Amino acid sequence: CILCMHAYALSPALLPPGSQSEAPSRDKQEDKNTSKKTEKNKEIQSMEGFILQNDVAGEERGGLLSTAANVFVEGKLSKQRIIKRGELLFPIHDNTPQRRGDKPPPNYRLAGDRNVTLYADEHAVSPLTPKEFDILEGIKQSHDRYRVFTTEGWLEWGASLRVGSTASVAIEGISGGPITTEVVVRFVGMIGDEPGVKFGVEITNHAFRVRGGATDGTFKGKRYFTCADNCGLFLGLDKLLRRKQRDYPLPSRSKASAAAS
């Protein structure tokens, strides 16, 4: 009868075998997938990068390569090149068993180019926290990254900078030649498609004008902070100095001397 049909449809006890568990099972699977994604995001966010402390030989795969110094790696054309100290790296996790006498496989790749790989032992690299990595990635040249990393207190000071912090910057003025002037930090973070952390700073002396590259707080049409025209700059940490120091500090970390030896 109709009443029986309704009772059968509404009562969980009357559902066909296996039907009760179908919805909860789907929910459990969705929860499991969400948990996996969350864990993966956490893993990416906490991924430890490295900085190279010595020049080492690396390999670049693909692209238009010259015939000089080309080799084949795993069946792919590759070019040998020197990877300079100060380059940022991510580890390559490869658990393939290695036979005795084999050349060690690459265990790192360049952070900015997945096609460039290298082998480096534990003494040639230093681990970085995600925050340290982001700050160093905002510095364009590898030798400047190395200088910031190996100078006692420079990277730590950069990590402590906040909006409102004060610093000094040595830049080229309109008349030419480097000029040191005081700045206030107005922005800390990523800008546009530029890699790493940039510091948006305002020159406190508005009578001072920068020769080139200055802004009013915008970058490629997007506003990150507001200041007078030609009084704003977006800089990597290598261009910022502590107010009391009027020159770049000398390297004093023990790892700097160890790397140079």
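Student: Which loop holds T226?

Tutor: Happy to start there! First, this is a predicted model: local features need pLDDT of at least 70, side-chain atom pairs count only at pLDDT 80 or more, and totals for chains, interfaces and linings use all residues. Residues are numbered from 1 along each chain as its sequence is written, and side-chain values use heavy atoms, with hydrogens and water left out. Helices (H or I, at least four residues) and strands (E, at least two) are DSSP runs numbered from the N terminus, and T226 sits in the loop between strand 13 (222–223) and strand 14 (232–235).

Student: Is T226 buried or exposed, and why?

Tutor: Buried means under 20% relative accessible area, exposed over 50%, and partly exposed in between, with a 1.4 Å probe and protein chains only. T226 has a relative accessibility of 59%, so T226 counts as exposed.

Student: Why does E202 count as buried?

Tutor: E202 belongs to strand 11 (residues 198–203). Contact means heavy atoms within 4.5 Å, and, leaving aside neighbours within four places in sequence, E202 is in contact with residues including V183, V184, C227 and A228. E202 counts as buried because its relative accessibility is 9%.

Student: Which residue has a side chain joined to that of E202 by a polar contact of 2.8 Å?

Tutor: A polar contact is a pair of N or O atoms within 3.5 Å; within protein, one must be able to donate a hydrogen and the other to accept it, and residues adjacent in sequence count only if both atoms are side-chain atoms. For E202, the side-chain partner at 2.8 Å is R186.

Student: What is the length of the polar contact between the side chains of D144 and R147?

Tutor: D144 lies in helix 4 (residues 142–150) and is buried, as its relative accessible area is 10%. Beyond four places in sequence, D144 touches I139, D238 and K239. The polar contact between the side chains of D144 and R147 spans 2.9 Å.

Student: Which residues touch the most other members of the largest nonpolar core?

Tutor: A nonpolar core is a set of buried Ala, Val, Leu, Ile, Met, Phe, Trp, Tyr and Cys residues joined through side-chain atoms within 4.5 Å. The largest one has 30 residues, and helix 5 (residues 154–160) gives the most to this core, with 4 residues. The members that touch the most others are L136, V201, L237 and L240.

Student: How many aromatic pairs does a search of the whole structure find?

Tutor: Rings of Phe, Tyr and Trp (its six-membered ring) pair if their centres lie within 6.5 Å; planes under 30 degrees apart count as stacked, over 60 as edge-to-face and the rest as tilted. Searching the whole structure on that basis gives 7.

Student: What kind of aromatic pair do F50 and Y108 form?

Tutor: F50 in strand 1 and Y108 in strand 6 (residues 108–110) are 58 residues apart, and their pair links distant parts of the chain. The ring centres are 5.3 Å apart and the planes make an angle of 70 degrees, a pair that is edge-to-face.

Student: How many helices and strands are in the protein?

Tutor: Let us finish with the whole protein, where buried residues make up 37% of the 261 residues. Among contacts with a separation of 6 or more, 55% join residues 24 or more positions apart. The count is 6 helices and 15 strands.
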